[in-house]
Amino acid sequence: MKIRPYQPEDLAVLKEITVEAFRGVSIDEGIEQEYGQINGHDWKWRKAAHVEADAEREPEGIFIAEVSGRIVGYISTWHDSEAGIGYISNMAFVPEYRGQGLGRQLIEYALEQFRRLNLSLAKIETLEQNSIGNHLYTSLGFKEIVKQIHFVAPLSPAQTGE
């Protein structure tokens, strides 16, 4: 696997990889299961928009995993120098390259970038049902600090069933 910097022309592929990889472990998918599509957009559209936001916020923090010239995965990061924290916002791989240690390599690469920036901590979030991610992150030295619960409230009578 080769790790290279993100280029704007990578964005469409990253969105596709992300939507496929986050099926079953997306907050937005859970919201859609409860309330249906929101404003004419499904959870996949919203998850793809998160990747676009990553690219707008800190494109130099996105690292592409390539095998034989094909994008097989990526990791998106951003950092807050003043706070001393590096954030890993998204990471995804195409199905045939999962479970081969490539995610570990990308996270290690991102952590090294954070060290070069003289950051103090790295932060990553995942859902409880993401057992693979939970195992990987703890094996790399991440510690669970707190669990967070996401609540959603409908804002119109049509969504409440009234």
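Which elements do the buried residues of α3 pack against? They pack against α1, α2 (27-35), β2, β3 and β4. This is a predicted model, in which local features need pLDDT of at least 70, side-chain atom pairs count only at pLDDT 80 or more, and totals for chains, interfaces and linings use all residues. Residues are numbered from 1 along each chain as its sequence is written, and side-chain values use heavy atoms, with hydrogens and water left out. Helices (H or I, at least four residues) and strands (E, at least two) are DSSP runs numbered from the N terminus.

**Sheet**
- Five strands form an open sheet in the order β1-β2-β3-β4-β5, with mixed pairing; two strands pair if DSSP finds at least two bridges between them.
- β1 (2-5) and β5 (121-124) are the edge strands, each with a single partner, so one side of each has no neighbour in the sheet.
- Neighbouring strands are turned by 30° against each other on average, direction ignored.
- α1 packs on the sheet and touches β2, β3 and β4. Its direction makes about 90° with that of β3. Axes are lines fitted to C-alpha atoms, for helices over the stretch in contact, and angles run from 0 to 180 degrees between N-to-C directions.
- β3 and β4 pair in the antiparallel sense over eight bridges.
- Tyr74 stands opposite Ala92 in β4.

**Nonpolar core**
- The largest nonpolar core holds 36 residues. Such a core is a set of buried Ala, Val, Leu, Ile, Met, Phe, Trp, Tyr and Cys residues joined through side-chain atoms within 4.5 Å.
- Leu14, Ile75, Ile88, Ile107 and Phe142 touch the most other members.
- Elements giving two or more residues include α1 (11-21), β3 (70-80), β4 (85-93) and α5 (131-139).
- α4 supplies the largest share, six residues.
- Leaving aside neighbours within four places in sequence, Phe142 is in contact (heavy atoms within 4.5 Å) with Ile88, Ile107, Leu111, Ala122, Lys123, Ile124 and Tyr137.

**Helix α3**
- α3 has 15 residues, which at 1.5 Å a residue should span 21 Å. The end C-alpha atoms are 21 Å apart, which agrees. The expected span is 1.5 Å times one less than the number of residues.
- The buried residues are Trp43, Arg46, Lys47, Ala48, Val51, Asp54 and Ala55. Buried means under 20% relative accessible area, exposed over 50%, and partly exposed in between (1.4 Å probe, protein chains only).

**Salt bridges**
- The structure holds ten salt bridges, each a side-chain nitrogen of Lys or Arg within 4 Å of a carboxyl oxygen of Asp or Glu.
- Arg57 and Asp54 meet at 2.9 Å, N to O. Both lie in α3, three residues apart, about one turn of the helix. Arg57 is partly exposed at 43%, whereas Asp54 is buried at 5%.
- Glu96 and Arg70 meet at 2.8 Å, N to O. Glu96 lies in the loop between β4 and α4 and Arg70 in β3, so the pair ties together parts 26 residues apart in sequence.
- Arg4, Asp10 and Glu66 are linked in a network of salt bridges.

**Positive phi in loops**
- Asn39 is not a glycine, yet has a positive phi of about 55°. Asn39 sits in the loop between α2 and α3 and is exposed at 71% relative accessibility.
- Asn118, also not a glycine, has a positive phi of about 60°. Asn118 sits in the loop between α4 and β5 and is exposed at 67%.
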